[in-house]
Amino acid sequence: MLIIHGRVATLGSNPQVIDDGALAIEGDHIVAVGTSADVMARYPDTERLDARGQLVMPGNICAHTHFYGAFARGLSIPGEPARNFVEILQKLWWRLDRALDEEGVRYSALVCLVDAIRHGTTTLIDHHASPNFIDGSLDVIAEEVVRSGLRVCECYEVTDRNGPDGAQAGIAENVRFAQSLHTQNNPLLAASFGLHASFTVGDETLERCAAEARTLGMGFHVHVAEDVADQANAVRKYGMRVGERFESRGVLGERTLSAHCVHVDDGEIATLARTRTKVSHQPRSNMNNAVGTAPVQRLLDAGICVGLGNDGFSNNLFSEMKAAYLIHKSAAGDPRALSGDTVAGMAFANNAQIASLFWPRPLGELSPGASADIILLDYHPYTPLTPGNLPWQIIFGVDGSHVTTTIVGGKVLMRDRQLLTLDEEAVAAKAREIAPDVWARFEDIALHEG
Ligand SMILES: [Zn+2]
């Protein structure tokens, strides 16, 4: 397939903006990028998709998300409002995840997948929890991922908060799913080893996880120092900070993705850098939970690969980029903090580097050999758009609502705003039908906890 007559923003190591540009796709990857005239001359008989002057970009990558949280939208939480991060977990997330059954897991994932296709997010790294339906939960999500045509890395969050059986079941689900991928060999699916966070995973469980992950050659996907409470717990219980604890227990490493890192100190930053551990930043979530502002510039300056995730917020990564651009200026009282090109570097190059842990073919750029994960946007810049000013065009102009066409691995998932793989209306109707049941179980759990 050719995509012709687009304003092609390639990103990648040699970023270009080609005003009447085109791409040639063979199978799941891009084979040529150039002007429409050149590419059409080279591939005269190939089927063509006319971009009609739209902006053509690589699909967005979300480095950290939670499909399981979708039914929180519109949910009323009984009792006094949560006063801090730990109370938010106790009053909302640790009740909502327990309220999910198989159907809840399925539709929670499906509504997120629809949202991602619509807003041009083509690769997602998910962190799943459903303590009352653990065994097989990652397969249920995978089934819908494959149906949607998106690219997703899954894991199950191991935690001790649901007792030893819950922890064991979580470990088993990570192992089972990772091993099942070897036989399935589906290019859209990948696996990581999920851990909740230091303050809910004891040493015994952590040791078992590290042993299993080592055997499988896997890295971890884990929340690190999201709130001060995580650090206080680690110091009190283990006599060391979260970063030191995780390094000494074999959690950190170049295949590990640590979400947040809001409260890491200089020593932990040095440890993350030395172990080449990846970090994902979720500014909308951090603001919403009032946990503080992650030291993103210091992490980047230390040479750490810091990407951008949404922590379950909307799958419109352009919104996350805008939030990242704004929060650091406000927090630092300095308009020079976290420039537009730094934000774009996190969202594209760094997220692509994180994704490369799970998918060998390059993502996050339009170049020969890269995966054909492409979005078309109905965005018509009224000032010259160049590779140099693209980050600011994105931050001040481009939004996920501009996305009209979403392509993953050469397959068109949405064309001219029509979803082709998922039935959006049917998914939303069914989700609205089961949401009251999920909410009723949530209220029940809240009532029993008092
Ligand atoms: Zn998270």
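This is a short tour of a predicted model, stop by stop. Local features are described at pLDDT of at least 70, side-chain atom pairs count only at pLDDT 80 or more, and totals for chains, interfaces and linings use all residues. Numbering runs from 1 along each chain as its sequence is written, and side-chain values use heavy atoms, with hydrogens and water left out.

**Zinc site**

Select the zinc ion. His64 (NE2), His66 (NE2), His223 (NE2) and Asp311 (OD) coordinate the zinc ion at 2.0 to 2.2 Å. Donors here are N, O and S atoms within 2.8 Å of the metal (3.2 Å for Na, K and Ca); water is not among the atoms, so sites may look incomplete. The donor residues follow the spacing H-x1-H-x156-H-x87-D in sequence. His66 sits in the loop between β6 (60-65) and α2 (85-96) and His223 in strand β11 (residues 220-224), so the pair ties together parts that are 157 residues apart in sequence. Helices (H or I, at least four residues) and strands (E, at least two) are DSSP runs, numbered from the N terminus. Both His66 and His223 are buried, where buried means under 20% relative accessible area and exposed over 50% (1.4 Å probe, protein chains only).

**Helix α7**

Next, select residues 228-238, which form helix α7. Its buried residues include Asp230, Asn233 and Tyr238. The exposed residues Val228 and Arg236 are on the face turned away from the buried side of α7. Show β10 (193-197), α6 (203-216), β11, α8 (242-248) and α9 (266-274) to see part of what covers the buried residues of α7. At the start of the helix, a side-chain oxygen of Asp227 comes to within 3.0 Å of the backbone nitrogen of Ala229. Just after α7, Gly239 has a positive phi of about 70 degrees.

**Nonpolar cores**

Now color the largest nonpolar core, which has 114 residues. Such a core is a set of buried Ala, Val, Leu, Ile, Met, Phe, Trp, Tyr and Cys residues joined through side-chain atoms within 4.5 Å. Helix α3 (residues 102-118) gives the largest share of this core, 9 residues. Another core, of 16 residues, lies apart from it and has Met1, Ile25, Leu49 and Ala51 among its members.

Zoom in on Leu377, one of the residues with the most contacts inside the largest core. Beyond neighbours within four places in sequence, Leu377 is in contact (heavy atoms within 4.5 Å) with residues including Met57, Phe318, Val398 and His402.

**Thr121**

Finish at Thr121, in strand β7 (residues 121-126). Thr121 is buried, with a relative accessible area of 0%. Among the residues that Thr121 touches, not counting those up to four places away in sequence, are Asn60, Cys62, Leu150 and Asn315.

Methods
Polar contact = N/O pair within 3.5 Å; in protein donor to acceptor, adjacent residues only side chain to side chain.
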